[in-house]
Structure formats: structure tokens, C-alpha cells
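Please read each point with the structure open beside it.

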Amino acid sequence: MKVVKFGGSSLASGVQVEKVYQIVSSDPERKIVVVSAPGKRYADDEKVTDLLISCAERCLKGEDTHDLVDTIVGRYQSIAEELHLADTIIRKVKDDLLSLLASDKTNPSAFIEAVKASGEDNNAKLVAACFKHKGLNAHYVSPKEAGLLVSNEPGNAQVLPESYERLYALRDQPGIIVFPGFFGYNTDGEVVTFSRSGSDITGSILANGVKADLYENFTDVDAVYAVNPHLVSHPREICELTYREMRELSYGGFSVFHDEALIPAFRVGIPVNVKNTNNPEAPGTRIVSERKNTNGPVVGIASDDGFCSIYISKYLMNKEIGFGRKVLCILEDYGLSFEHIPSGIDDMTVILRQSQIDETLEKEITARLIEELHADEVHVEHDLALIMMVGEGMRQKVGTNARASMALANAHINIEMINQGSSETSMMFGVKEAVEDRAVQALYEEFFSTAKV
Ligand SMILES: Nc1ncnc2c1ncn2[C@@H]1O[C@H](COP(=O)(O)OP(=O)(O)O)[C@@H](O)[C@H]1O
Ligand SMILES: N[C@@H](CC(=O)OP(=O)(O)O)C(=O)O
């Protein structure tokens with residue numbers, strides 16, 4: 001049995017949904033189909049999820065939402081029309097959206113969550129109607145009915161372990177199940193969404209729940225490439241990756257697969273296959289527990305921006321018991337999460353997502369670090385990008401760091417910081433955002449150009 005997930009790009013138009021139907025109906029093992037909301041049809045298009053968020057926010061401010069409701073319903077309508085579906089389904093989509101917008105707003109966050117999740121929910125109903133119309137024995141299943149329970153963290157839900165046992169019962173339902181991605185229900189029966197692009201997570205949870213043989217994740221590229229295809233043209237395709245490599249690369253910036261979507265499948269050893277809806281014959285990329293290291297030390301290079309670092313220096317920091325804990329307690333006081341902490345004998349750097357702090361908070365934290373911890377020096381660096389070089393092969397290969405540093409030096413790129421993960425499957429370089437793209441290109445050239453591998 002396979003769980004198959006189709007992303008927003010695979011469901012953006014009637015033509016795309018037709019391809020999805022062909023893929024699902026061509027393999028009887030494809031039993032559970034997880035869908036995202038309709039995504040972008042072209043580069044400047046808007047995702048239905050973004051439209052829904054704007055709509056909910058406007059509604060909370062008491063502003064008019066007629067035009068947005070029309071645009072959102074219009075997206076479903078054009079898909080239904082292309083597929084010659086009866087308009088009853090579109091009337092249901094519109095009624096559902098209008099009743100959600102008219103619902104209780106005393107908890108604004110819960111209101112936004114419900115409106116946001118309707119993108120996937122209505123699309124699952126539409127896709128199920130399309131499959132049925134074409135003669136497939138398919139039906140929509142709600143995450144509530146299936147028992148997909150999640151924590152009450154709006155926009156960042158985590159699956160509750162008891163969900164897995166409940167989801168197992170989906171195996172016994174006859175026909176094809178069309179399941180909306182991106183959200184579950186808290187124990188009070190309210191909708192809570194995963195983080196953005198979280199339909200990948202739903203697919204992985206269902207694959208675990210039903211103990212699928214394979215989780216197929218359909219998107220709009222032939223494979224996971226060794227580097228973001230927007231930075232290097234025709235990058236090398238990756239045939240096989242380990243869960244750990246993919247998690248590091250997804251975290252590092254490969255938006256093709258959500259970093260939180262690896263764990264549920266990994267826990268029960270279900271392989272993941274990333275494939276292209278527009279070219280389903282291509283083998284895609286397989287994510288597995290172990291792979292043979294036949295293709296050099298580095299398997300992929302990812303990057304992400306929007307980081308800042310707090311540099312703290314104090315003589316004899318290494319001997320001061322509890323120094324690190326005290327630093328983290330100060331950050332905790334402000335509800336800040338940190339990403340990495342490279343450290344030396346007398347210094348440490350805490351790397352955070354920049355969006356979490358503003359100038360006032362920055363000054364307050366700096367003052368506390370100096371006053372309470374008697375730090376000799378504290379300064380904050382902004383606008384950093386983190387580049388993750390990932391590969392299980394790095395563990396055995398001597399000199400990878402030196403090669404990377406040299407490649408960056410030759411490209412006149414200053415390395416602000418280096419951190420090697422304890423697993424030795426990743427190496428992280430901090431650079432200024434302004435040189436991020438050039439840095440990734442230089443590293444790609446070093447590790448993937450045919451002349452050097
Ligand atoms: N290393 C990479 N390999 C493949 N695609 C990548 C990579 N890094 C970024 N991407 C981008 O991820 C996109 C697919 O992810 P996404 O737009 O979320 O798809 P979906 O709509 O299927 O969920 C690709 O079109 C590509 O632009
Ligand atoms: N529609 C949601 C969830 C999702 O997974 O979408 P996509 O498959 O288009 O990345 C979002 O935009 O975040």
C-alpha cells in the first residue's frame with residue numbers, strides 16, 4: 001500500500017488534477033491520496049492558502065472580503081469547470097468558506113486556523129468528486145473522523161502519538177481515500193495547522209499510521225537536486241538520500257520537502273520517493289535509511305537567510321560552570337529559540353532566526369549578558385545566511401572542510417562562522433546574505449563540477 005501526496009503545484013489547475021487522476025488510477029497500490037490546497041499556476045500567481053490567510057485577517061479587521069472570496073472560490077470553480085464537474089461541489093465550497101468567515105471570532109488565532117485549513121479541506125472534497133466523476137471508487141476522509149490529533153500550537157502543530165493507532169483503521173476502508181493535508185484537530189476538536197508546506201507532514205504521518213510500503217511525494221521537479229535549481233541551472237539530480245541527509249537539507253533550505261516530514265516515515269522505516277507529477281515516469285529521489293556512498297563526500301548544498309548571531313566572549317568561559325545555561329535562560333525569558341551554538345574556549349555564538357528579535361530586545365539582551373553574566377564582549381551580527389553542506393560521505397573523507405573553505409576564499413567570500421554537526425553529516429557556513437548565492441554556487445562548482453568529482 002502506498003500513501004501519495006500531491007503538492008499545491010500538482011493541483012493548481014484542472015489540467016494538473018487530470019494528471020493526478022492518471023497517476024493515482026495507474027497503480028492500485030496508491031490507496032491514500034493526500035492533497036494540498038491549489039498552489040501557483042505560474043510564478044506570480046497566488047497560493048490559495050495565502051489568499052485564505054489574507055481573507056481571514058481582513059475579516060477579523062471587519063473589512064470587506066467579497067473580492068477575495070470570489071477569487072478563492074474562482075480557483076476551485078475553474079478546476080471544476082475544466083474537469084466538467086457539476087456545480088454543486090462549488091456551491092459547497094462557497095457555503096463552507098462563507099460559514100467559516102461568519103463563525104465565532106473570539107479566538108482570532110483559532111478563526112484564522114480554520115479558514116486557512118479550508119484550502120486543503122475543500123480541495124480534498126473537490127479531488128474526491130473528480131475521481132468519482134471519472135469512475136474511481138474514491139471518497140473524502142476528514143482528519144477528525146480519521147483521528148489525526150495534534151498539539152494545540154497554531155501554525156506549528158505536532159502530531160500526538162495516539163493518532164498513529166487510530167489512523168491504522170484507514171487501511172480497512174474500501175476504495176481510494178482522499179485526505180486533506182496541512183492540519184489536524186486538537187483534543188478540543190478544533191482545527192490546528194502544521195507549519196507552512198505541512199501537507200508533506202500529513203503524508204508522512206499517514207504513511208506511518210497505515211504502515212505503508214512507500215510514501216510517494218509528488219511535486220513539480222524530477223528529483224531533489226544537489227542545489228536549489230533557482231541558483232544553478234540544471235543541477236545534478238540526487239537518486240538516493242538518507243533520512244538524515246534529507247532532514248538536514250530540508251532544514252537548510254531545500255523547500256521541496258518539509259524537514260518535519262521525515263521523522264514519522266523514518267520511525268517505521270518507510271521509504272519516501274519524491275517524484276514529478278508532470279513526469280511521473282522519472283524515477284525521482286528515494287529517501288532511505290542507508291545508502292551506498294558512491295558519489296563523493298557531499299550530496300547536497302542548501303542555504304537559507306534571515307539569521308542573526310549573538311557573539312559572547314568572556315575570559316575563562318570554559319571553566320565557568322553553568323555559563324551556557326545562563327545564556328540560554330536569558331533567551332528563554334524572551335521566548336526565543338536558537339538554531340546553533342558554535343563555541344570556543346572563551347567565546348560562544350548563538351544563532352537565531354532574525355525575525356524573532358527587534359532592536360529594543362537586542363539591546364535588552366546585550367545589557368543582561370554584560371550585567372548578569374559579566375561578559376567581556378557581546379555583539380550582534382545581522383543579515384546572515386547559513387549554508388549547509390550535507391553528505392554521509394563526509395565522515396570518511398579527509399579535507400572536505402579545507403576544500404570548501406578554499407572554494408569560498410577563491411570566490412572572495414568571507415566566512416563569518418563554521419559549524420560542523422556532531423553527526424559529521426553536515427557542515428555549516430555562515431556568510432553575509434549579500435553573498436549567499438555566490439557562496440552556494442562556488443561550493444557547488446567545487447563539489448559537483450564533473451572536472452573535480
Ligand atoms: N534542491 C532542490 N531540489 C528540487 N527542488 C527544489 C530544491 N530547492 C528548492 N526547490 C524548489 O522546490 C519546489 C517544489 O516545492 P514546492 O513548491 O513546495 O512544491 P509543492 O507545490 O509540490 O508542494 C521546486 O519547484 C523548486 O523550485
Ligand atoms: N497549502 C499549505 C500546505 C502545503 O503543503 O502546501 P504546498 O504543498 O503547496 O507546499 C501551504 O501553502 O503552506
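**Notes on the model**

1. Ligand 2 is surrounded by 15 residues, of which the closest are G7, G8, S36, T49 and S199; a residue is taken as near a molecule if its C-beta atom, placed from the backbone, lies within 6 Å of it. By class, this shell around ligand 2 holds 2 nonpolar, 10 polar and 3 charged residues, where Ala, Val, Leu, Ile, Met, Phe, Trp, Tyr, Cys and Pro count as nonpolar, Asp, Glu, Lys and Arg as charged, and the others, Gly among them, as polar.

2. As to the basis of these values, this is a predicted model, in which local features need pLDDT of at least 70 and side-chain atom pairs count only at pLDDT 80 or more, while totals for chains, interfaces and linings use all residues. Residues are numbered from 1 along each chain as its sequence is written, and chains are lettered from A and ligands numbered from 1 in the order in which they are written.

3. Around ligand 1 there are 19 residues, and those that come nearest are G7, S9, T219, Y225 and V256. The shell of ligand 1 is made up of 7 nonpolar, 11 polar and 1 charged residues.

4. The domain assignment divides the protein into domain 1 (2-288) and domain 2 (300-448), with bounds that come from an automatic or database assignment. Taken over C-alpha atoms, the centres of domain 1 and domain 2 are 34 Å apart. Contact between the two involves 14 residues of domain 1 and 17 residues of domain 2, two residues being in contact if their C-beta atoms, placed from the backbone, lie within 7 Å. On the domain 1 side, helix α9 (residues 243-252) supplies the largest share, 5 residues, and by class that side has 7 nonpolar, 3 polar and 4 charged residues. Helices (H or I, at least four residues) and strands (E, at least two) are DSSP runs, numbered from the N terminus.

5. The largest nonpolar core has 129 residues, and V33, V127, V178, I301, I387 and L443 touch the most other members. Such a core is a set of buried Ala, Val, Leu, Ile, Met, Phe, Trp, Tyr and Cys residues joined through C-beta atoms within 7 Å. Helix α5 (residues 108-133) gives the most to this core, with 12 residues. Because domain 1 (2-288) and domain 2 (300-448) both contribute residues, the core lies between them. Leaving aside residues up to four places away in sequence, V127 touches L11, V17, V35 and V178.

6. S197, in the loop between β6 (191-193) and α8 (199-210), has a positive phi near 70 degrees, and S197 counts as buried because it has 23 C-beta neighbours inside 10 Å. A residue is buried if 20 or more other C-beta atoms lie within 10 Å of its own, exposed if 12 or fewer, and partly exposed in between, with C-beta atoms placed from the backbone. H374, in the loop between α12 and β16 (377-390), has a positive phi of about 55 degrees although it is not a glycine, and with 11 C-beta neighbours inside 10 Å H374 counts as exposed.

7. Helix α12 (residues 359-373) has 15 residues, which at 1.5 Å a residue should span 21 Å, and its end C-alpha atoms are 21 Å apart, which agrees; the expected span is 1.5 Å times one less than the number of residues.

8. N410 is placed in helix α13 (residues 400-410) and counts as exposed, with 11 C-beta neighbours inside 10 Å. N410 and A442 are 32 residues apart in sequence, yet 8.5 Å apart in space, C-alpha to C-alpha.
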